[in-house]
Amino acid sequence: MEVGKVKLRIYGMTCGDCVTKISRSLLEKQGVMDVNISLQEGLGEVEFDPTDLKPGDILKNHVFSRNSHYRATLIE
Amino acid sequence: MRKEPKRYDLVILGRGAAAFSAAIKGSEISNGEMSIALIGTGPLGGTCVNVGCVPSKYLLEASHRVFMPKHPRIDGIYETIVNHDFSTVMKGLRSYVRDARESKYAEVIRNYNNVTLYDGLGKFLDRKTVGIEDDKGRNVRIVSGSNILIATGSRPSIPNIEGLTEAGFLTSDSLWDIDKLPSSVAIIGGGAIGLEIGQALLHFGSRVTIVEAMDSLLPQTESEIGSALRTLLEKEGMKFYMRARISRVHKYRKKKSVEIITHKGKEKIAVDEVLLATGREPNTKNLNLEVAGVKTDPRGMILTEASMRTTSPGVYAAGDCVSKKLFLETLAAREGVIAVSNMFGETANIDYGSSAWAVFTYPQVAGVGMTENEFSKKNGSCLCRTFPLSNLTKASIMGETEGLIKITVDPKDNRIAGMQIMAPNATDMITEGAYAVRNGYTIDDIIATSHIFPSMSEGIKIAAQSFIRDITKMSCCVE
Ligand SMILES: Cc1cc2nc3c(=O)[nH]c(=O)nc-3n(C[C@H](O)[C@H](O)[C@H](O)COP(=O)(O)OP(=O)(O)OC[C@H]3O[C@@H](n4cnc5c(N)ncnc54)[C@H](O)[C@@H]3O)c2cc1C
């Protein structure tokens with residue numbers, strides 16, 4: 001089965017640490033295969049196993065929860 | 001070749017309640033980082049502030065100030081004629097609307113640097129791209145959005161009646177510009193808008209005739225309320241033609257002649273003005289929804305899930321353009337918030353079941369949840385009680401005993417399934433019903449909650465008590 005890909009618009013990132021924190025959190029989730037985040041553009045690309053996850057599930061991560069400083073929406 | 005679109009995180013079609021609440025929510029969640037395009041025509045704020053809730057409530061309040069002193073309800077207080085000037089009232093109304101629009105919409109949105117306002121009508125070019133047209137239909141701009149929210153609202157529907165266009169008519173869009181009170185008005189449609197405007201004009205001194213196609217007023221309400229309201233309005237002088245339709249309107253000297261067909265046959269009335277209140281239709285026809293894959297119901301209203309997602313991924317809808325039963329500012333705003341919350345991966349759903357609605361006649365009518373009929377149809381049986389305000393101390397002191405409170409309960413567990421109220425301040429009282437329905441409170445919860453004596457809201461407690469005892473034999477001190 002083809003690898004799933006989503007693009008994210010990520011809000012609230014200010015430095016390299018933010019990128020590391022969000023990437024780590026995303027990768028912790030079962031089914032997430034690769035994460036690429038651009039601090040400058042506020043964008044992220046996530047590759048995932050579609051047998052484990054749907055695109056919307058990528059946002060359901062504590063790093064993007066209501067109490068977090070970071071929030072994200074799906075772009076594609 | 002098509003110009004490269006300007007890219008936004010969120011493109012919103014519309015600039016009314018749903019659009020504003022969505023733009024503000026998106027800005028708040030993203031801490032002002034979400035780039036938002038807000039596209040629309042007409043005055044900022046859309047229907048509610050300009051031609052809906054705000055001017056209609058202003059006109060009603062002003063009209064009651066003229067009517068009530070002429071109809072005192074307490075012995076020893078005598079009829080007083082209130083000097084007033086209708087054209088100054090209307091100027092005051094327009095100035096209030098201008099100020100409300102400026103302070104609640106224009107100034108507010110100026111504080112959000114992430115939001116760009118575009119003047120023009122939006123039209124989908126594809127699922128992610130919207131063309132903006134000026135008033136001549138020329139495409140002046142193209143924008144694209146990672147997410148798109150359709151919040152284009154609705155407008156008064158104009159029925160196809162012979163002679164209507166030539167004779168001229170008012171709608172809830174144009175009424176607010178008049179300066180002279182029409183001495184007689186035929187209002188076509190006896191729903192919330194027709195009754196509110198009708199009573200306001202009547203209270204200022206117009207002779208008002210309502211022509212309604214159905215055989216009862218406010219069919220979404222309990223039948224006791226529809227008929228109690230009709231009796232009261234008739235007592236005030238409003239005339240009703242029920243199960244009636246207009247076959248023709250024509251200008252006759254300075255008047256308009258309206259031909260009404262009822263089961264009794266044809267009848268003609270002569271009036272100064274005709275006001276249409278036959279419902280509203282969604283602003284969705286020219287949006288090119290097909291290219292975006294957004295489906296509508298047969299009336300053109302956009303189909304959504306409870307998450308406000310449409311049939312097209314990344315495209316959401318909110319407000320009066322959505323296929324639903326209740327069309328309210330409060331719901332439009334809530335739906336806008338829900339749509340945006342879901343864009344951010346939250347799991348938010350609209351709950352129509354506990355949404356309170358209202359008709360701002362005097363007395364007011366308000367409700368939440370299911371009617372007796374709706375509950376019985378769904379569940380086979382229900383328990384309900386109707387408490388007339390004539391049994392309520394506060395109402396009888398005020399001499400305002402025409403109303404009632406009806407509560408419908410699930411017989412399985414005594415939870416409140418619905419509440420409808422006709423009372424001078426029903427729109428304030430109904431919030432108790434909304435809490436009860438939303439949180440699954442029982443009649444015991446209502447009885448155990450302290451209510452002020454004597455007050456109108458005490459009526460809700462007594463209505464709840466009427467499930468467990470005969471309240472006609474109850475002292476007013478019984479807990
Ligand atoms: C007389 C009257 C009284 C009312 N009283 C009450 C009340 O007391 N309480 C209550 O809760 N509700 C009341 N309502 C209902 C309430 O006003 C509406 O439910 C609410 O305003 C709907 O908001 P909206 O954002 O969906 O649409 P709107 O406010 O209508 O906004 C839609 C906007 O979209 C714009 N638009 C249209 N087509 C396009 C396009 N192609 N591209 C871009 N923009 C477009 C329109 O110009 C408009 O500005 C009343 C309505 C009326 C008419």
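A: In this predicted model, P55(A) sits in the loop that runs between β3 (43–48) and β4 (71–74) of chain A. With a relative accessible area of 38%, P55(A) is partly exposed, because that value falls between the 20% limit for buried and the 50% limit for exposed residues. Leaving aside residues up to four places away in sequence, P55(A) touches V6(A), F48(A) and L74(A). Between P55(A) and E76(A) the C-alpha to C-alpha separation is 8.8 Å, although the two are 21 residues apart in sequence.

Turning to the ligand, 35 residues surround it, and the closest are T47(B), K57(B), G122(B), D320(B) and E329(B). Two of these place a polar side-chain atom by a ligand oxygen: for T47(B) the distance is 2.5 Å, and for K57(B) it is 2.7 Å. A polar backbone atom of A18(B), in turn, is 2.9 Å from an oxygen atom of the ligand. Of the 1,000 Å² of accessible area that the ligand has on its own, the protein covers 90%. The elements of chain B that contribute two or more residues to this shell are α1 (17–29), β2 (36–40), α2 (46–51), α3 (53–67), β4 (121–126) and α9 (329–343), and α2(B) gives the most, with 4 residues. By residue class, the shell around the ligand consists of 14 nonpolar, 16 polar and 5 charged residues.

How values were computed:
Residues are numbered from 1 along each chain as its sequence is written. Chains are lettered from A and ligands numbered from 1 in the order in which they are written. This is a predicted model: local features need pLDDT of at least 70, side-chain atom pairs count only at pLDDT 80 or more; totals for chains, interfaces and linings use all residues. Side-chain values use heavy atoms; hydrogens and water are left out. A residue is near a molecule or strand if one of its heavy atoms lies within 4 Å of it. A polar contact is a pair of N or O atoms within 3.5 Å; within protein, one must be able to donate a hydrogen and the other to accept it, and residues adjacent in sequence count only if both atoms are side-chain atoms. Accessible areas come from the Shrake-Rupley method with a 1.4 Å probe; for residues, only the protein chains shown count as cover. Ala, Val, Leu, Ile, Met, Phe, Trp, Tyr, Cys and Pro count as nonpolar, Asp, Glu, Lys and Arg as charged, and the others, Gly among them, as polar. Buried means under 20% relative accessible area, exposed over 50%, partly exposed in between (1.4 Å probe, protein chains only). Contact means heavy atoms within 4.5 Å.
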